[in-house]
Amino acid sequence: MQLTEELKQGNWTAFNAVYKQYHQQLYFFIKKKTNSDFLAEEVVQLTFIKLWQCRTAVNGHIDLSLQLFHMARQVMIDELRKEATRTKHEGVCAATPFTDNLVQAIEAKDLIRLFDNQLSDMPQIRRLIFNLSREKGLSHKEIAEMMGISMKTVEGHITKVLNRLKQYMYTLFL
C-alpha cells in the first residue's frame, strides 16, 4: 500500500522498487504466452512506461501486481495486433508468430477461462444442463427426458446461464 501511494505521487524510488520486484515476473509471463524474447522485453518495457504515465490512476485498493499483469496483457495484445497489421501491410507471409490467430487464441483462451469461472459459481444443475446442451450437443427435449424435467425448465436454466455470461461479458468490455 505504501509503495503504491508513493508511486502515485511520482516517487522514482518507489517506481524503481516496483520495477525490480516485477520486471522478471512480467517478462516470463509474456514470454510464456508469446514464445518470443523480443516481444517479452518490449512488452515489459512498454508496461512500465504505461505504469509511469498512468501512475495517478493506480488503484490503492487492488493489488499492484494484478494491475501490472493486466496492463502487461493489454500491452501484449496491442503489440501483437500492431505486428499483425504491419505484416498485412508489408505483404509478408504470415509465417511469423505475430499473427491475428495468436491474438485471437490468447483472447479466446482467457475468455473461456473467465467463462468457466463464471459457470463454476452457478448451481450444479444449471451447469449440468448447460454443458449437456453446449458441449454434448443435446437438444432441450433430450435433456428434459434424460433428467425427468420439463423442456421449459431446461430452457429456463440455459437462458439464465446465457444471460449471466452475457452480462459478465458486457462488464469485461466496458
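This briefing covers the nonpolar core, a few individual residues and the salt bridges. The model is a predicted one, so local features need pLDDT of at least 70 and side-chain atom pairs count only at pLDDT 80 or more, while totals for chains, interfaces and linings use all residues. Residues are numbered from 1 along each chain as its sequence is written, and side-chain values use heavy atoms, with hydrogens and water left out.

**The core**

- The largest nonpolar core has 24 residues; such a core is a set of buried Ala, Val, Leu, Ile, Met, Phe, Trp, Tyr and Cys residues joined through side-chain atoms within 4.5 Å.
- Helix 2 (12-34), helix 3 (37-53) and helix 4 (64-90) are the elements that give two or more residues to this core. Helices here are DSSP runs (H or I, at least four residues; strands would be E, at least two), numbered from the N terminus.
- Helix 4 gives the most to this core, namely eight residues.
- Leu7, Val18, Leu26, Phe48, Leu51 and Leu68 have the most contacts inside the core.

- Leu51 touches Leu7, Phe15, Val18, Val58, Leu68 and Met71, if you skip residues up to four places away in sequence. Contact here means heavy atoms within 4.5 Å.
- Leu7 sits in helix 1 (residues 2-8).
- With a relative accessibility of 0%, Leu7 counts as buried; the cut-offs are under 20% relative accessible area for buried, over 50% for exposed, and partly exposed in between (1.4 Å probe, protein chains only).
- Setting aside neighbours within four places in sequence, Leu7 is in contact with Ala14, Phe15, Leu51, Trp52, Arg55 and Leu64.

- Thr34 lies in helix 2 and, at 4% relative accessibility, is buried.
- Apart from neighbours within four places in sequence, Thr34 has Leu39 and Met76 as its contacts.
- Ser139 is in the loop between helix 6 (124-134) and helix 7 (140-147), and its relative accessible area of 31% makes it partly exposed.
- Ser139 and Val154 are 15 residues apart in sequence, with 9.6 Å between their C-alpha atoms.

**Salt bridges**

- The count is three salt bridges, taking a salt bridge as a side-chain nitrogen of Lys or Arg within 4 Å of a carboxyl oxygen of Asp or Glu.
- Asp37 pairs with Lys31, and their closest N and O atoms are 3.3 Å apart. Asp37 is partly exposed at 39% relative accessible area, and Lys31 is partly exposed at 26%.
- Glu79 and Lys82 meet through their side chains at 3.1 Å, N to O. Both lie in helix 4, three residues apart, or about one turn of the helix.
- In that pair, Glu79 is buried at 13% relative accessible area, whereas Lys82 is partly exposed at 47%.
- Glu155 and Lys152 make a salt bridge with an N to O distance of 3.9 Å. They are separated by about one helical turn because they are three residues apart in helix 8 (residues 151-172).
- Glu155 is partly exposed, with a relative accessible area of 27%, while Lys152 reaches 64% and is exposed.
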